[in-house]
Amino acid sequence: MAVTQRNEARQRRHRRVRARIAGTADRPRLAVYRSLSQIYAQVIDDRTGRTLAAASSLDAKDGKAKRSDAAASVGAKIAEKAKAAGIEEVIFDRGGYRYHGRVKALADAARSNGLRF
């Protein structure tokens with residue numbers, strides 16, 4: 001399967017999921033985007049269209065870390081930033097990706113740092 005077909009299929013899955021979930025001020029959406037080399041996470045209030053907290057693997061100090069380790073550090077960072085913004089509970093949006101590998105590592109790290117979903 002070509003990369004564009006794979007990305008289009010992921011975007012279709014993501015649209016299907018987004019039709020059912022939306023972040024609110026009480027329970028914002030934790031959105032994950034994964035590229036080949038980086039991973040990004042945002043806490044979004046969809047009603048106002050504002051990003052409340054964001055973290056990415058670009059912020060990591062160690063550029064030689066494994067991608068799953070970088071995802072875990074992003075999960076820890078996003079949990080810290082969300083707690084600093086007064087957010088305790090979120091809705092997890094995996095972005096059409098499988099809940100496996102880097103996405104799972106990010107989610108597990110966010111949970112272990114006190115974010116509930």
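Author: First, a term. A helix crossing counts as right-handed if the near helix is turned clockwise from the far one by less than a right angle, and as left-handed if the turn is anticlockwise. Keep in mind that this is a predicted model.

Reader: Fine. H2 passes H3: left-handed or right-handed crossing?

Author: Right-handed, for H2 passing H3. Their axes come within 7 Å and cross at roughly 35°.

Reader: Which residues of H2 meet H3?

Author: From H2 (67–84), Arg67, Ser68, Ala71, Ala72, Val74, Gly75, Ala76, Ile78 and Ala79 take part. On the H3 side they meet Arg102, Ala105, Leu106, Ala109 and Ala110.

Reader: And by class, what does that contact of H2 with H3 have?

Author: Ten nonpolar residues, two polar and two charged.

Reader: Which residues in H3 are buried?

Author: Arg102, Val103, Ala105, Leu106, Ala107, Ala109 and Ala110. The buried residues of H3 pack against H2, and also against strands E1, E2 (39–45) and E4 (91–93).

Reader: Why would residues three or four places apart in a helix point the same way?

Author: An α-helix has 3.6 residues a turn, so residues at that spacing point the same way.

Reader: What comes after H3?

Author: Gly114 follows H3, with a positive phi near 100°. Asn113 is also in the segment after H3.

Reader: What does Asn113 touch?

Author: Leaving out residues up to four places away in sequence, Asn113 touches Ala76, Ala79 and Lys83. The C-alpha atoms of Asn113 and Lys83 are separated by 9.4 Å. Asn113 counts as partly exposed, at 31% relative accessibility.

Reader: New topic, pockets. What volume does the largest pocket have?

Author: About 590 Å³. Its lining is made of 18 residues, and Arg6, Arg10, Arg34, Leu36 and Tyr97 lie nearest the centre.

Reader: What classes are in the lining of the largest pocket?

Author: Eight charged residues, five polar and five nonpolar.

Reader: Which element gives the most to the lining of the largest pocket?

Author: H1 does, with five residues. Helix H1 (3–18), strand E1 (29–34) and helix H3 (102–112) each supply at least two lining residues.

Reader: Staying with H1, is Glu8 buried, exposed or partly exposed?

Author: Glu8 is found in H1. At 44% relative accessibility, Glu8 counts as partly exposed. The C-alpha atoms of Glu8 and Gly86 are separated by 35 Å, and the two residues are 78 apart along the chain.

Reader: Now Asp93. Why does it count as buried?

Author: Because its relative accessibility is 1%, and buried means under 20%. Asp93 lies in strand E4.

Reader: What does Asp93 touch?

Author: His14, Val17, Arg18, Ile21, Arg29, Leu30, Ala31 and Val32, leaving out residues up to four places away in sequence.

How values were computed
Residues are numbered from 1 along each chain as its sequence is written. This is a predicted model: local features need pLDDT of at least 70, side-chain atom pairs count only at pLDDT 80 or more; totals for chains, interfaces and linings use all residues. Side-chain values use heavy atoms; hydrogens and water are left out. On a 1 Å grid over the protein atoms alone, a cavity is a set of points where a 1.4 Å probe fits but cannot get out, and a pocket is an open set with protein on both sides within 12 Å along at least five of seven lines; lining residues have an atom within 4 Å of a point. Grid points are joined across faces, edges and corners, and a volume is the space filled by probe spheres set on the points. Helices (H or I, at least four residues) and strands (E, at least two) are DSSP runs, numbered from the N terminus. Ala, Val, Leu, Ile, Met, Phe, Trp, Tyr, Cys and Pro count as nonpolar, Asp, Glu, Lys and Arg as charged, and the others, Gly among them, as polar. Buried means under 20% relative accessible area, exposed over 50%, partly exposed in between (1.4 Å probe, protein chains only). Contact means heavy atoms within 4.5 Å. Axes are lines fitted to C-alpha atoms, for helices over the stretch in contact, and angles run from 0 to 180 degrees between N-to-C directions.
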